[in-house]
Amino acid sequence: MHTLGWIGLGHMGAPMAMNLLQAGCKVNVYNRSREKTTPLTESGATRLNSPKEIVEQSDIIFMMLSDSNAVRAVLTQENGVLAAMRPGKVVVDMSTISPEDTMSFASMVSERGGVYLDAPVSGSVGVAKAGQLVIIAGGDQQTIEICQPYFNILGKKTIYFGSSGKGSSAKLAINLLLGVIGQGIGETLVFAEKSGLDKEKVLDMISQSALNTALFQGKKDMYRNEEFPSAFMVELMSKDLGLIKAEADRMNITLPLAEATNITYRSAKENGKAKLDMAAVYLELKEKNTR
Ligand code: NAD
């Protein structure tokens with residue numbers, strides 16, 4: 001069995017690393033703010049002091065970080081991942097970042113003899129805790145096969161999309177749908193409320209219809225109570241919609257809904273909702289329509 005390293009113990013990274021531990025894997029952990037490692041060390045993980053130490057003492061290094069800036073920092077900082085990179089090491093980046101950055105990070109790792117996979121995930125915190133994520137993979141296929149036993153602990157399915165960056169592209173594609181659906185639910189609820197309909201009955205109507213989803217059920221209480229404790233923060237959804245816009249521009253394609261959702265989530269972020277769950281886009285739409 002490999003020794004695993006885990007860098008980034010946020011909303012997603014913590015339950016994912018915990019699942020590996022609970023499945024009996026040996027896991028070294030690092031997080032920028034140290035206190036987040038405590039629940040993991042209490043469950044048997046070894047806390048190390050830098051990404052460099054994680055690479056030195058692990059065979060497969062998972063990263064679950066906010067964005068490209070975080071991944072770049074963890075790779076290139078003084079005690080970063082690249083400082084200890086050598087042949088035989090595998091970096092599995094599960095963060096959602098752009099395909100372009102993915103390819104550039106993969107080259108940095110391969111120049112030092114390592115292998116870098118992009119393996120972002122679909123599914124939020126509850127799904128991560130349940131080990132039911134969908135792993136969306138790109139990069140060297142043989143290395144993905146080596147990682148497959150660990151992906152099987154973290155998720156219910158791994159879908160391989162091809163060369164480096166293809167996992168990141170696929171992740172952006174599904175998050176485009178997520179952003180649009182999130183805004184769609186928000187607009188539906190605002191429309192219904194402005195029409196004088198009872199919110200509880202509207203939530204029930206959606207739940208009973210063909211438009212019911214696991215996503216909707218997961219967030220129904222947030223809409224009901226207008227409280228949005230974060231599973232997937234507005235600022236991360238906005239980051240992804242910005243990446244989607246950049247990719248669409250690069251490919252010279254027009255996506256009207258992507259444009260619209262990008263604007264709405266960005267305004268939610270700028271209007272004090274950055275740390276709330278993405279469902280708070282409903283609140284943003286509601287506030288915009290209060291008059
Ligand atoms: P989070 O904000 O809860 O955690 C981010 C992690 O990145 C933290 O551990 C933080 O310490 C680390 N980090 C940030 N900047 C850093 C830096 N400069 N140096 C070192 N560490 C740094 O985010 P999350 O919700 O766990 O999401 C992580 C990634 O997974 C994001 O790319 C997100 O888009 C993606 N994602 C999130 C969800 C979700 O539902 N939360 C679902 C699927 C994918």
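**Note on the domain interface and the ligand site**

1. The side of domain 1 that touches domain 2 has 7 nonpolar, 6 polar and 1 charged residues (nonpolar: Ala, Val, Leu, Ile, Met, Phe, Trp, Tyr, Cys and Pro; charged: Asp, Glu, Lys and Arg; polar: the others, Gly among them).

2. The model is predicted: local features need pLDDT of at least 70, side-chain atom pairs count only at pLDDT 80 or more, and totals for chains, interfaces and linings use all residues. Residues are numbered from 1 along each chain as its sequence is written, and side-chain values use heavy atoms, with hydrogens and water left out.

3. The bounds are 3-162 for domain 1 and 170-288 for domain 2, from an automatic or database domain assignment. Taken over C-alpha atoms, their centres are 28 Å apart.

4. Contact (heavy atoms within 4.5 Å) involves 14 residues of domain 1 and 13 residues of domain 2. About 1,000 Å² is buried between the two domains, 68% of it from carbon and sulfur atoms; buried area is the accessible area (1.4 Å probe) that two parts lose on being put together, summed over both.

5. Around the ligand there are 24 residues, the closest being His 11, Asn 31, Ser 66, Ser 124 and Ala 231 (a heavy atom within 4 Å). An N or O atom in the side chain of Asn 31 is 2.7 Å from a ligand oxygen atom. Polar backbone atoms of Met 12, at 2.9 Å, and Leu 65, at 3.1 Å, also face ligand oxygen.

Technical notes. Polar contact = N/O pair within 3.5 Å; in protein donor to acceptor, adjacent residues only side chain to side chain.
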